[in-house]
Amino acid sequence: MNWFIATFRSSIGKKLVMAITGLSFCLFLALHLVGNFFYYGGGSAFEGYSAHLHQRLVLLRLAEGGLIFFAVLHILFAAILYFQNLAARPTGYVMKKSVVRKETPGGQTISSRLMPYTGLYILVFVIIHLFAFTFVDRSAGGGLYRMVTTAFHNPFYAAFYVFSVIVVGFHINHGFWSAFQTIGANHPKYMPTIKIISVVYALIIGVCFSSIPVFIFLSA
Ligand code: HEM
């Protein structure tokens with residue numbers, strides 16, 4: 001048990017938890033995207049997919065519970081690591097720059113620099129998103145298909161979603177390869193490929209998720 005507590009206390013242990021939870025979110029997003037694509041099949045296909053999901057209530061609740069638990073761990077350890085890094089950093093611009101370079105041998109990118117901010121934004125987005133489509137009385141809204149369609153006929157709502165999934169894409173762009181680096185795939189032979197997969201996956205998430213609000217708004 002001691003090794004377990006020690007792992008959680010160490011920086012690498014926290015990073016490992018962030019990597020595993022982060023990669024699980026990537027998997028969740030891929031499944032969620034497949035589900036969303038049922039929208040293109042029309043009302044009965046989309047409602048059918050959602051009903052299929054809700055028929056397996058025990059599995060769904062287990063998956064939701066797992067997602068919430070992972071989200072709490074991911075956010076908690078991200079905050080702890082962020083403040084630990086901040087406290088360990090010497091003050092002064094020149095020193096700061098050299099320390100940052102040391103910590104990230106691959107150099108800083110926009111995505112990596114924005115990680116705490118994109119992460120916080122995603123948290124706010126997911127809360128808004130859940131109150132829009134999950135914690136609602138769907139029958140009062142005329143069913144899920146109608147609710148999603150009505151929501152994205154609003155240009156501000158559609159734009160908010162497009163912006164949000166682009167932010168998710170930026171977060172994945174750094175998070176994906178960084179997670180692989182943490183779990184030990186930090187090999188000069190594999191890293192360039194993992195970084196390419198990271199960019200491609202981030203693009204797929206950003207473009208494919210955006211396609212739904214854009215499609216609905218344009219077909220209004
Ligand atoms: C255009 C983009 C998106 C659309 C149209 C969309 C649509 C939906 C819909 C309709 C549901 C309810 C599904 C059901 O219960 O049958 C849902 C659930 C959910 N969405 Fe999204 N979503 C989008 C993007 C995202 C993104 C980017 C994230 C995460 C960063 C996300 C996280 C979630 C979560 C956590 C749930 C709850 C899952 C559950 O309770 O089983 N969604 N989404």
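A: Two residues are in contact if their C-beta atoms, placed from the backbone, lie within 7 Å, and with that cut-off in hand we can read this predicted model.

Q: Which residues of H6 meet which residues of H8?

A: On the H6 side the contact is made by Ser111, Ser112, Leu114, Met115, Thr118, Gly119, Tyr121, Ile122 and Phe125, and these meet Ser164, Val167, Val168, Phe170, His171, Asn173 and His174 of H8. By class, this contact of H6 with H8 comprises eight nonpolar and eight polar residues, with no charged ones.

Q: At what angle do H6 and H8 pack, and how far apart are their axes?

A: Two packed helices are described by the angle between their axes and by the distance between the axes. Here H6 and H8 pack at about 135°, with their axes 9 Å apart, and they are therefore oblique to each other; the crossing of H6 and H8 is left-handed.

Q: Which element gives the most to the shell around the ligand?

A: That element is H6, with five residues. Of the 21 residues around the ligand, those that come nearest are Ser50, Phe133, Val168, Phe209 and Ile212, and the elements that give two or more residues to this shell include helix H6 (110–133) and helix H8 (155–182). The shell divides into 15 nonpolar residues, five polar and one charged.

Q: How many helices and strands does the protein chain have?

A: The protein chain has nine helices and zero strands. Among its contacts between residues at least 6 apart in sequence, 78% join residues at least 24 apart, while 19% of its 220 residues count as buried.

Terms used: Residues numbered from 1 in each chain as written. Predicted model: local features only at pLDDT ≥ 70, side-chain atom pairs only at ≥ 80, totals over all residues. Near = placed C-beta within 6 Å. Helix = DSSP H or I, 4+ residues; strand = E, 2+ residues; numbered from the N terminus. Nonpolar A, V, L, I, M, F, W, Y, C, P; charged D, E, K, R; others polar. Buried ≥ 20, exposed ≤ 12 C-beta atoms within 10 Å, placed from the backbone. Axes fitted to C-alpha atoms, helices over the stretch in contact; angles between N-to-C directions. Parallel < 35°, antiparallel > 145°, perpendicular 65-115°, else oblique. Left-handed = near helix turned anticlockwise from the far one by under 90°.
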